[in-house]
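Let's take a friendly walk through this model together. Please have the sequence and the 3D view open as you read.

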Amino acid sequence: MTIQTVRGTKDLLSDDWYKFKYIQDTAHNVSRLYGFIPVETPILEYTEVFMKTLGESSDIITKEMYTFEDKSGKSITLRPEFTAAIMRLLKHKKLQIPVRLFSSGPLFRYERPQKGRQRQFNQINFEVFGLADPRSDIELISLSQHLLIKFGINDNAKLEINSLGDNETIIRYRKALVSYFEKYTDDLSEDSKNRLTKNPIRILDSKDKKDQLIIHDAPKIDNYYTKESLSFFDKILNGLQCLGISYTINSKLVRGLDYYCHTVFEFVTQDLGSQGAVFAGGRYDTIIAGKYTPAVGFAGGIERIMELINFSSKEPRPIYLIPIGAQAEVYSLVLTDKLRKSRLYSRYDYDSTLKSKMKKAHQVNAKVALIFGDEELGNKTFKIKDMDTGTEEIIMRDNIIEKLELLTQDSRITHSR
Ligand code: ATP
Ligand code: MG
């Protein structure tokens with residue numbers, strides 16, 4: 001039996017597990033300050049959910065989807081991104097717009113695994129439907145910065161922003177790009193050649209070295225904005241200035257999916273090698289085919305955030321039971337049950353000697369040891385030993401919960417409820 005995980009996937013344990021949870025919980029808590037509702041969609045979706053939405057030239061559709069037929073012959077895809085699935089939920093549940101939706105969970109893409117790029121990875125994802133006002137873009141960018149501050153990585157990630165303009169802008173700009181890139185058809189990479197007919201704007205996203213030389217002198221989008229597009233973009237930049245959010249305009253920034261318009265943005269770091277985008281998003285008003293529904297959103301890669309943040313979980317310290325003698329051993333089971341139901345983290349081991357029990361109490365970094373034998377059982381008392389100072393005291397059984405609560409208050413497992 002192989003003990004390897006599938007290429008591009010990872011086990012998560014202990015400290016990393018806490019770190020992961022911390023990122024998800026923080027994102028959820030911050031999302032609530034902005035009026036987001038949490039939603040969860042299944043990992044399995046009918047393939048058409050993504051086919052119809054993502055656009056035929058997107059990397060995801062062309063090469064990254066995990067698609068298979070189930071036993072009934074239906075084509076199923078492991079969710080490669082949230083937006084299309086959330087759109088499906090929006091329609092299926094007939095949600096009233098405007099609405100803000102937060103989600104988080106695993107996604108699957110068949111990509112080349114490397115630092116910050118996995119085949120099963122996780123995102124925190126924010127979508128706003130039904131708001132065409134540029135202030136919703138500004139609020140969303142401000143939310144992403146809020147998260148970076150919370151995670152303590154605001155200095156590591158810089159905002160890059162661009163506008164793809166409205167439909168007219170995109171059509172005009174596409175034309176200009178096609179006539180420019182057509183001159184270099186033979187020199188372009190295979191991917192870019194394909195994009196030339198399907199979605200030439202995506203060529204700007206190419207990581208191919210030779211492509212990049214050609215892209216360098218390609219027409220810039222700023223010359224093709226309509227008056228409306230320019231005014232929309234200006235409002236966003238002004239809003240960011242008002243909020244003191246610094247940015248760089250990157251006129252080559254386009255997103256990996258086909259459906260974007262107006263705003264596109266990324267928070268990019270230098271600390272992750274070539275996988276620098278921590279958060280990425282933008283506006284996609286035209287995502288529902290044949291119907292105009294304003295939509296803006298962004299997603300962040302949890303694994304990439306994990307690489308950037310300093311986090312150490314505070315391990316709770318247990319109360320360690322040291323029963324001496326057969327009767328005390330039996331009583332331990334009842335006692336730990338009582339302590340745990342009073343939310344006190346307690347442990348004991350079943351078959352060791354006094355010496356090894358003491359050793360174990362140190363090993364698990366116990367806060368206090370509770371020592372009791374026949375004498376203590378008879379007197380209805382316990383001997384409590386403070387494991388840091390070594391001091392011991394006798395406590396009446398009736399007062400034990402109160403006393404232990406006091407002694408362990410800074411080393412407790414915390415519960416949200
Ligand atoms: P990239 O250009 O890095 O491939 P993308 O355009 O495919 O990103 P989105 O689909 O918008 O990215 O995803 C948003 C965020 O999710 C990214 O900025 C990144 O943080 C994270 N992400 C995307 N793909 C992966 C992956 N394979 N492994 C880990 N994180 C990822
Ligand atoms: Mg990608």
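## Starting point

Which residue is the bridge partner of Cys261 in strand 10? The partner of Cys261 is Arg283. Before we go on, a word about conventions. This is a predicted model, in which local features need pLDDT of at least 70 and side-chain atom pairs count only at pLDDT 80 or more, while totals for chains, interfaces and linings use all residues. Residues are numbered from 1 along each chain as its sequence is written, chains are lettered from A and ligands numbered from 1 in the order in which they are written, and side-chain values use heavy atoms, with hydrogens and water left out.

Helices (H or I, at least four residues) and strands (E, at least two) are DSSP runs, numbered from the N terminus. Two strands are said to pair if DSSP finds at least two bridges between them.

Strand 9 covers residues 261-269 and includes His262, a residue that is not a glycine and yet has a positive phi of about 45°.

## Around ligand 1

The shell around ligand 1 has 14 residues, and the closest are Arg109, Glu111, Gln118, Gln123 and Arg255; a residue is near a molecule or strand if one of its heavy atoms lies within 4 Å of it. Strand 6 (120-129), strand 10 (277-283) and strand 11 (295-301) each provide at least two residues of this shell, and strand 10 gives the largest share, three residues. By class the shell has five nonpolar, four polar and five charged residues. In this scheme Ala, Val, Leu, Ile, Met, Phe, Trp, Tyr, Cys and Pro are nonpolar, Asp, Glu, Lys and Arg are charged, and the others, Gly among them, are polar.

Several polar contacts (pairs of N or O atoms within 3.5 Å) can be picked out. A polar side-chain atom of Arg109 is 2.7 Å from an oxygen atom of ligand 1. The backbone takes part too: a polar backbone atom of Ala277 lies 3.0 Å from an oxygen atom of ligand 1, and a backbone N or O atom of Gly301 lies 3.1 Å from one. Taken alone, ligand 1 exposes 590 Å², of which the protein buries 89%; these accessible areas come from the Shrake-Rupley method with a 1.4 Å probe.

Another open sheet has three strands in the order 2-4-3, paired antiparallel. Strand 2 (44-46) and strand 3 (66-69) form the edges with a single partner strand each, so one side of each has no neighbour in the sheet. From one strand to the next, the twist averages 35°.

Strand 2 and strand 4 (residues 75-78) are joined by three bridges, and Tyr46 has Ile76 as its bridge partner. Strand 3 pairs with strand 4 over four bridges, where Glu69 stands opposite Ser75. Five residues separate the strands of this hairpin, and among them Gly73 has a positive phi near 85°. Helix 2 (residues 47-54) lies across strand 2, strand 3 and strand 4, at about 65° to strand 2.

Strand 14 (residues 368-372) runs antiparallel to strand 15 (residues 381-386), with four bridges between them, and Val368 stands opposite Asp386. Strand 15 is also joined to strand 16 (residues 392-396), by five antiparallel bridges, with Phe382 opposite Ile395. In the hairpin of strand 15 and strand 16, Gly390 takes a positive phi near 85°.

Key
Polar contact = N/O pair within 3.5 Å; in protein donor to acceptor, adjacent residues only side chain to side chain. Axes fitted to C-alpha atoms, helices over the stretch in contact; angles between N-to-C directions. Contact = heavy atoms within 4.5 Å.
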